[in-house]
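I am opening a notebook page on this structure. The entries below record what I looked up, in order.

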Amino acid sequence: MAILLGSIADDYTGASDLANTLTKNGLRTVQTVGIPDSALALPDVDAVVIALKIRSVAAAEAVTSATVADRWLRQRGASHVLYKICSTFDSTDAGNIGPVTEALSDGLTLVTPAFPETGRTVYLGHLFVGEQPLNESPLKDHPLNPMHDSNLVRVLARQSRGTVGLIDLVTVAAGPEAVKARLDSLQAQGFTAAIADAIFEHDLETLGAVALQTRASTGASGLGLGLARALVRSRPTALRTEAAAGAVGPVGGLAAIVAGSCSKATLQQIAVAEQTMPVLRLDPEKLLAGSDEINAAISWAGDRISAGPVIVAASAPPETVARLQSQYGREASGHAIETATSTIAAELVTRGVRRLVVAGGETSGAAVDRLGIPAFLIGPEIAPGVPVLRTIGTTHGDMLLALKSGNFGGEDFFAAALAKMH
Ligand SMILES: Nc1ncnc2c1ncn2[C@@H]1O[C@H](COP(=O)(O)OP(=O)(O)OP(=O)(O)O)[C@@H](O)[C@H]1O
Ligand SMILES: O=C(O)[C@@H](O)C(=O)CO
């Protein structure tokens, strides 16, 4: 299997978002969880997305993991590797977008989190989430990486050793040659990364065509779309035109939803689902105090699950999250809650759940690791950025999962997901 496009995703929901985009744009894609064991039989694919959980770890750890993944992809033929970051540029001044981008690059790296399908656009280096600049959007209250600056040239510069420039929209609109000339000029001036503006998919097609000629790029699913379309255009005979979205059949079994995302979108989705399914809202104080709350949740869900899907949620509004964090610390509370939600997810699987929806990137990462899932096939799209996934290589039988990024999906996301997972 020679890989045409490699990608390293900094979290698991982001990986499935990108895998969905690559599939929709004509690349047969598999998502692996970490570097796959040599014994795991992967299907014949055009693109591999290696999901890592490195968005919120120490920068040195993120760099090491990404470098090892990069080597694996290149040994299997990938001449270009996309570092998949969040479309809302989730990171802190300590990293990890800057350090990993610099580690994977051999010169100047094109960087853009634009993903117009979900309302993420970049203009003059400023990231907009829908109509709001990043720093006025709900991301200002993110539990792990509150975003207080919409100017990504500044944000990336603060977490990079090198200097960061801009490829503005006028240049992008002028087409691939103009972008290439701007990249060359920035590189000659010693810049090591450039934030690229993009508002429409056409802009990302231009950026993808240029990025493909370089060793590495950094971006969200929008750049993935640009790279995939450029590859399909440049190798029409090497690629099969039919995407792999039909690869996912029914698995049966019980269904459950576990939520750890505290985003505005997830809170609203839980409120809407509560009208039709039982919801257990975990008490985070009690979760941090010991295992009683976890056991109570497992027993609550166990009593109801054979009658239909249930939701177990740690999710809470920003004021509640802030209170808990001021008492226990941001990382400690986040980690403890992820451990709790993943334990609950794993227990539900032992009780017969085969269709599992997880809300939140870190929450999904913890749950997938706990379940020991090595890889996923990509199924139909539930909402932009969220596909149905079918496990490959698990010991406890195949499962369907949906890993929902905190901010993705409409109000009825949970019902919509279960309607596509049979
Ligand atoms: N009530 C709570 N108080 C404090 N932290 C919480 C609470 N509930 C969940 N958390 C933590 O908040 C974090 C949410 O991050 P997660 O990545 O799962 O969601 P997200 O950021 O909305 O999603 P994404 O990364 O996909 O955008 C996790 O570490 C989770 O454990
Ligand atoms: O790009 C996004 O917004 C998502 O794929 C994501 O990274 C979720 O954590």
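By class, how many nonpolar, polar and charged residues does the shell around ligand 1 have? I am working from a predicted model, and I count 9 nonpolar, 15 polar and 3 charged residues in that shell.

Next I looked up which residues come nearest to ligand 1. Of the 27 residues around ligand 1, I noted Ser261, Gly334, Gly360, Gly361 and Gly406 as those that come nearest.

I then checked where the shell comes from. Helices α12 (318-328), α13 and α14 (361-371) each give at least two residues to the shell around ligand 1. The largest share, 4 residues, is from α13. By domain, I find at least three shell residues from each of domain 1 (5-234) and domain 2 (250-419).

Entry on the core. The largest nonpolar core has 128 residues, and I list Ala194, Leu207 and Ala402 as those with the most contacts inside it. Helix α13 (residues 330-350) supplies the largest share of this core, 7 residues. Domain 1 (5-234) and domain 2 (250-419) both contribute residues, so I place this core between them.

I followed up on Leu207. Setting aside neighbours within four places in sequence, I find Leu207 in contact with Leu110, Thr112, Val172, Val179, Ala196, Ala198, Leu223 and Gly226.

Last, the record. An unreviewed UniProt entry annotates residues 5-224 as "domain: Four-carbon acid sugar kinase N-terminal". For residues 5-224 I have the end C-alpha atoms 10 Å apart, with the span 35% helix and 22% strand.

How values were computed
Residues are numbered from 1 along each chain as its sequence is written. Chains are lettered from A and ligands numbered from 1 in the order in which they are written. This is a predicted model: local features need pLDDT of at least 70, side-chain atom pairs count only at pLDDT 80 or more; totals for chains, interfaces and linings use all residues. A nonpolar core is a set of buried Ala, Val, Leu, Ile, Met, Phe, Trp, Tyr and Cys residues joined through C-beta atoms within 7 Å. A residue is buried if 20 or more other C-beta atoms lie within 10 Å of its own, exposed if 12 or fewer, and partly exposed in between; C-beta atoms are placed from the backbone. Domain bounds come from an automatic or database domain assignment. Two residues are in contact if their C-beta atoms, placed from the backbone, lie within 7 Å. A residue is near a molecule or strand if its C-beta atom, placed from the backbone, lies within 6 Å of it. Ala, Val, Leu, Ile, Met, Phe, Trp, Tyr, Cys and Pro count as nonpolar, Asp, Glu, Lys and Arg as charged, and the others, Gly among them, as polar. UniProt positions are given in the numbering used here, feature names are shortened, and annotations may be inferred rather than shown by experiment.
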